Amino acid sequence: MPSPSPVRARLRALPAVLAALAVVVAPALVAAPASAADPTIVINEVESNGDDTDWVEVYNVGSAPVDLSGARFRDNDATREPWTLPAGSVVAPGGFLVIDQASGSNPVGFDFGLGNADEVHLYLPDGVTEIATYGWSIHSAVSYGRCPDGTGDFATTTVSTKGAANDCDLPVVLNEVESQPESGEDWVELVNVGSAEVDASGLMIRDSEDDHTFTVPAGTTIAPGAYLVVDTLGYGLGGGDSVRLFDGSTLLDAYSWTAHAAHTYGRCPDPRGDFAATTGATRGAQNLCAGVVIDEAWPGGADVRVLDAEDTFAGDLSGLDWEPSGSAPLGTLWAVQNGDGLLYRLVAGATGDWAPDTAGDWGAGKTLRYPDGAGAVDAEGVTVTGDDSAGGVYVSTERNNDASSISRPAVLRYDVSAAGSELTATHEWNLAPDFPGLGANAGLEGITWVPDGALTAGGFLDGVTGGAYDPADYPGHGGGLFFVGVEGTASVYAYALMADGAFARIATIATAFALVADVQYDADRGGLWVVCDEACDGRIAFSELDPGTGVFASTHVFERPSGAANYANEGFAVADDAVCADGAKPTFYADDADTDGFSLRQGTLPCEATGGPGEPTPTPSVTPTPSATPSASPSVTPTAAPTSSPTPSSTGAPGPAGDDELTDATRGAVDGPDSVAAGQTVTVYVGTQYAGQTVWVWLHSTPIPLGAQLVAADGTVTVTLPAGVEPGTHRIVVLDAGGEVIGWTEVTVTDALAVTGADGSAVALTVGGALALLIAGAALLLLRRRASRV
């Protein structure tokens with residue numbers, strides 16, 4: 001069956017959102033202890049790769065409650081001390097229990113991660129007698145679940161349903177509707193949002209009348225991510241009408257409208273967003289939506305090649321960074337390995353291969369330690385400053401693997417000239433106060449450094465002061481800012497890191513991705529590469545600094561090279577133009593999964609002088625629908641990468657709203673904290689219907705611009721109040737791209753806090769706002785998936 005509508009999916013997920021994060025328990029039940037002789041407990045669903053935490057759901061197929069208190073749980077590592085389920089872990093008949101990973105907001109959980117190829121084992125309290133187990137060879141695009149619950153075979157689910165009934169419906173949804181084409185027939189577009197080909201035979205499309213039915217012909221299949229356009233409905237779609245998708249008598253998906261669209265109605269963003277009026281018809285292709293950048297073909301070569309000898313790395317190779325030689329000879333690649341906390345210096349061989357430098361104790365990589373000389377650094381990203389490692393190598397990390405249940409999103413600096421097989425950090429900037437509740441395995445992934453000169457030349461907006469970025473405001477921060485990508489928020493943050501350990505968040509950059517795996521500054525192009533891994537089918541976005549707004553925004557989203565498999569690329573680096581040959585230069589990819597025994601691959605990108613991403617082409621206000629020739633049966637149109645139709649860069653901020661526009665009618669349409677200290681960062685809920693769109697945020701009474709923000713998939717934006725705001729009652733006002741008021745909310749501003757690591761914490765929403773986020777934006781668990789969507 002096709003997947004439920006986003007609204008239905010959110011409602012189905014709501015019980016899981018409201019449930020306790022560690023385990024779903026029924027303490028009032030009188031339950032018998034689990035027994036191997038009575039195997040009524042089964043593994044029911046496994047999430048290893050996309051929610052804020054890894055988790056396993058068990059199900060009771062029996063007729064009596066089962067007490068799992070004291071049961072032991074582990075992954076495939078038999079040497080690991082199993083985690084013990086807490087008292088009260090009772091599973092009702094036909095009920096679920098979630099075994100969750102520990103996080104900053106949920107300390108009661110297991111303290112290890114579930115891998116790309118892994119197993120889960122549940123034992124009786126003796127730690128020997130196995131109750132249930134399940135294993136997999138690769139991360140699921142969503143989750144693995146039994147269908148039906150408890151007794152069915154495992155399959156890739158349509159959406160994860162933590163603590164609720166599994167959803168294994170056919171992953172096909174309505175995607176675009178044309179009810180008034182300029183020529184030809186009305187048409188409906190379906191899309192496969194799953195990771196495998198599906199058989200759409202027999203699905204029925206109806207309008208608002210039950211006797212108006214089109215049946216998809218036998219033998220019709222839809223490839224993953226591909227579209228099926230039906231233009232032979234046999235009936236017309238009206239100005240006020242509906243489209244409904246059925247499997248037999250079961251309604252699978254539906255959309256209704258009250259008037260013809262100027263172009264079409266489509267999901268925005270395609271294919272998981274809510275329906276909205278598009279900016280142009282895109283029959284059989286990605287929808288054109290205001291504020292959403294269209295995918296493009298990779299501008300470099302179609303193929304990638306392996307660079308490392310087989311089994312050079314054991315897996316978990318993560319961040320990469322390129323240190324130029326300063327001339328035509330190839331430079332140095334820096335790489336980190338997260339599992340073992342290793343830093344590698346890689347050099348090119350005579351045959352074009354790359355391998356760890358064998359000089360200076362670098363042959364096996366160097367083990368990274370925290371400033372106290374201890375710990376196991378979960379190294380995820382790496383960068384140098386000023387293209388020169390003599391100034392230190394900086395590593396972004398999620399946690400100390402010796403205390404893996406505790407979030408420690410930090411930047412560490414290392415002097416790589418030191419001898420020996422271990423390196424002790426000279427500095428640490430622990431950003432945890434800025435990320436309360438961040439999961440231990442959802443922290444800092446990528447890191448890059450951008451020189452101050454490039455930022456000031458582009459008019460970079462300082463979110464702390466509300467004005468143009470002035471490096472002098474941050475004494476001791478060096479010559480540039482560090483941009484870090486955070487997996488759990490799917491955003492990039494700009495930081496000034498001071499020599500004394502203090503730090504200040506200068507900007508927040510939302511992305512179009514479900515997560516951020518790496519971020520790289522490209523000095524030749526003057527922009528940021530933002531990388532998503534296999535969860536987004538290897539897509540990479542390019543963000544440029546808009547001089548009109550001072551904000552980085554995505555101008556391109558590129559598919560992976562067409563000849564490359566969907567590797568778990570957690571690292572990405574681009575060589576400099578000095579090494580260009582035949583108009584191209586190398587790009588580098590780090591495969592965390594060590595696919596087929598190889599972790600390092602190389603592609604190409606045009607040199608800036610011969611054409612790179614270039615200037616974006618504005619999205620057309622009208623895209624005529626192609627003339628359609630009716631056919632006897634629909635055709636499956638594979639996902640097409642448009643040549644270029646990205647969203648235009650903003651040309652300037654809309655002015656502030658007038659007081660007469662801030663009425664009771666618009667009050668409460670957005671939500672934020674009740675109070676905040678000047679200089680702090682706040683999260684404002686705008687609404688999931690604005691996901692992927694650019695909005696403008698102002699602080700009133702005397703209007704102060706807080707900048708343009710891209711609304712995240714969960715409907716939120718993050719802004720920083722200027723440190724000089726006068727204490728008292730103010731209003732946070734959010735405008736759409738056209739300057740219309742979306743909504744406003746009151747906030748009490750208190751005295752500014754000092755800009756230090758300890759005080760620059762983000763502000764939580766009010767209880768009412770949090771409930772609004774749960775109810776109106778419960779899709780957070782669904783949208784922040786490591787599934788293939790951007």
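Student: Buried means under 20% relative accessible area, exposed means over 50%, and partly exposed lies in between (1.4 Å probe, protein chains only). By that rule, is Cys536 buried or exposed?

Tutor: Cys536 counts as buried, at 0% relative accessibility. Please note that this is a predicted model, in which local features need pLDDT of at least 70 and side-chain atom pairs count only at pLDDT 80 or more, while totals for chains, interfaces and linings use all residues. Residues are numbered from 1 along each chain as its sequence is written, and side-chain values use heavy atoms, with hydrogens and water left out.

Student: Which cysteine is joined to Cys536?

Tutor: Cys532 is joined to Cys536 by a disulfide, with 2.1 Å from S to S; a disulfide here is a pair of cysteine sulfur atoms within 2.5 Å. The link of Cys532 and Cys536 is right-handed, with 60° about the S-S bond. Cys532 is also buried, at 1% relative accessibility.

Student: How many disulfides does the structure hold?

Tutor: The structure holds three disulfides. One of them joins Cys268 to Cys289, again with 2.1 Å from S to S. Its torsion about the S-S bond is about -80°, so the disulfide of Cys268 and Cys289 is left-handed. This pair links distant parts of the chain, 21 residues apart: Cys268 is in strand E22, and Cys289 is in the loop between strand E23 (274-277) and strand E24 (295-296). Strands (E) are DSSP runs of at least two residues, numbered from the N terminus.

Student: And what is the S to S distance for Cys580 and Cys607?

Tutor: The distance is 1.6 Å in the disulfide of Cys580 and Cys607. The torsion about this S-S bond is about -120°, so the link is left-handed. Cys580 is partly exposed at 28% relative accessibility, whereas Cys607 is buried with a relative accessible area of 3%.

Student: New topic: how many salt bridges does the count come to?

Tutor: The count comes to 21 salt bridges, each being a side-chain nitrogen of Lys or Arg within 4 Å of a carboxyl oxygen of Asp or Glu. Among them is the contact between Asp253 and Arg267, at 2.8 Å from N to O. Asp253 lies in strand E21 (residues 250-257) and Arg267 in strand E22 (residues 265-268), so this pair ties together parts that are 14 residues apart in sequence. Asp253 and Arg267 are both buried.

Student: Which residue does Lys585 bridge to?

Tutor: Lys585 forms a salt bridge with Asp524, their closest N and O atoms being 3.0 Å apart. Lys585 is in strand E45 (residues 584-591) and Asp524 is in the loop between E40 and E41, 61 residues apart. Lys585 is buried, with a relative accessible area of 1%, but Asp524 is partly exposed at 31%.

Student: Which residues are linked in a network of salt bridges?

Tutor: Asp295, Asp537, Arg539 and Glu559 are linked in such a network. Within it, the side chains of Arg539 and Asp537 meet at 3.9 Å, N to O.

Student: Finally, which residues of the largest nonpolar core touch the most other members?

Tutor: They are Phe460, Leu481, Phe483 and Ile506, in a core of 33 residues. A nonpolar core is a set of buried Ala, Val, Leu, Ile, Met, Phe, Trp, Tyr and Cys residues joined through side-chain atoms within 4.5 Å. Strand E39 gives the most to this core, with four residues. Apart from it lies another core, of 27 residues, including Val188 and Trp257.
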